[in-house]
Amino acid sequence: MPLFEIETDAHIIITWAENEEAARDVVDDAYPEDDVLRMTKRPRDSWVISKGALGLTERTLDPCTTARDCLSKSAGDKVNAIRLYRMETGCDLEQARIAIESNMVMGW
């Protein structure tokens with residue numbers, strides 16, 4: 001069964017499919033709001049890359065100023081930034097981790 005690389009307006013999907021129609025069905029099931037921009041056959045394993053996380057879409061990401069300040073103070077040390085963020089906001093460990101990691105993806 002071939003692998004298809006499918007680029008939509010928000011994602012790049014590489015998935016197994018019997019044919020091009022089946023590959024389009026994968027996109028329709030997983031991301032019904034996305035439009036297919038390009039589709040090609042590829043070898044290897046499957047993965048999805050969020051174009052939004054890479055900054056390749058026009059959607060704006062809302063960075064958290066506090067998280068970005070904590071990353072700056074910790075010189076990019078994620079564990080220290082999470083600790084600083086918890087001290088600043090009083091939130092729990094999981095919320096702090098999410099805030100710091102999501103801002104790291106956007107590039108602080």
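Me: How do you know how far to trust the model?

Reply: This is a predicted model, in which local features need pLDDT of at least 70, side-chain atom pairs count only at pLDDT 80 or more, and totals for chains, interfaces and linings use all residues. Residues are numbered from 1 along each chain as its sequence is written, and side-chain values use heavy atoms, with hydrogens and water left out. The score pLDDT is the predictor's confidence in each residue, from 0 to 100. The mean pLDDT of the protein is 82, and 77% of its residues reach 70 or more. Confidence is lowest in strand β4 (residues 47–50), with a mean of 62, and highest in helix α1 (residues 20–30), with 94.

Me: What makes a stretch a helix or a strand, and how many of each are there?

Reply: Both are DSSP runs numbered from the N terminus: helices are H or I with at least four residues, strands are E with at least two. By that rule the protein has 4 helices and 4 strands. Along the sequence they follow the pattern β-β-α-β-β-α-α-α.

Me: How do you know that β1 and β2 are paired?

Reply: Two strands pair if DSSP finds at least two bridges between them. Strands β1 and β2 (residues 11–16) are joined by 5 bridges, so they pair, and they run antiparallel. A hairpin of 2 residues connects β1 to β2, and I6 stands opposite I13 in β2.

Me: Why is I6 called buried?

Reply: Buried means under 20% relative accessible area, exposed means over 50%, and partly exposed is in between (1.4 Å probe, protein chains only). I6 has a relative accessible area of 0%, so I6 is buried. This residue lies in strand β1.

Me: Which residues does I6 touch, leaving out those up to four places away in sequence?

Reply: A contact means heavy atoms within 4.5 Å. With those neighbours set aside, I6 touches H11, I12, I13, T15, A23, V27, V36, R38 and M39. I6 and V36 are 30 residues apart along the chain, and their C-alpha atoms are separated by 6.9 Å.

Me: Which way do the residues of β1 point?

Reply: In a regular strand the side chains alternate between the two faces of the sheet. In β1, L3, E5 and E7 point one way, while F4, I6 and T8 point the other way. Strand β1 (residues 3–8) is mostly covered, with 6 of its 6 residues buried.

Me: What makes a group of residues a nonpolar core?

Reply: Such a core is a set of buried Ala, Val, Leu, Ile, Met, Phe, Trp, Tyr and Cys residues joined through side-chain atoms within 4.5 Å. The largest one here has 11 residues, including A67, L71, L84, Y85 and A99. Two or more of its residues come from each of α2 (65–73), α3 (78–89) and α4 (93–105). Helix α3 gives the most, with 4 residues. Another core lies apart from it and has 7 residues, among them F4, I6, I13 and V27.

Me: Is S74 buried or exposed?

Reply: S74 has a relative accessible area of 6%, which is under 20%, so S74 is buried. S74 is found in the loop between α2 and α3. Not counting residues up to four places away in sequence, S74 touches N80, A81 and L84.

Me: Why is the pair R38 and E5 called a salt bridge?

Reply: A salt bridge is a side-chain nitrogen of Lys or Arg within 4 Å of a carboxyl oxygen of Asp or Glu. The N to O distance between R38 and E5 is 2.7 Å, so the pair meets the definition. R38 is in strand β3 (residues 36–42) and E5 in strand β1, 33 residues apart. R38 is partly exposed, at 31% relative accessible area, whereas E5, at 11%, counts as buried. R38 also forms a salt bridge with E7, the closest N and O atoms being 3.1 Å apart.

Me: What makes E88 and K73 a salt bridge?

Reply: Their closest N and O atoms are 3.8 Å apart, which is within 4 Å, so the pair counts. E88 lies in helix α3 and K73 in helix α2, so the pair ties together parts that are 15 residues apart in sequence. K73 has a relative accessible area of 58%, so K73 is exposed.

Me: How many salt bridges does the structure hold?

Reply: The structure holds 7 salt bridges. K78, E94, R97 and E101 are linked in a network of them.
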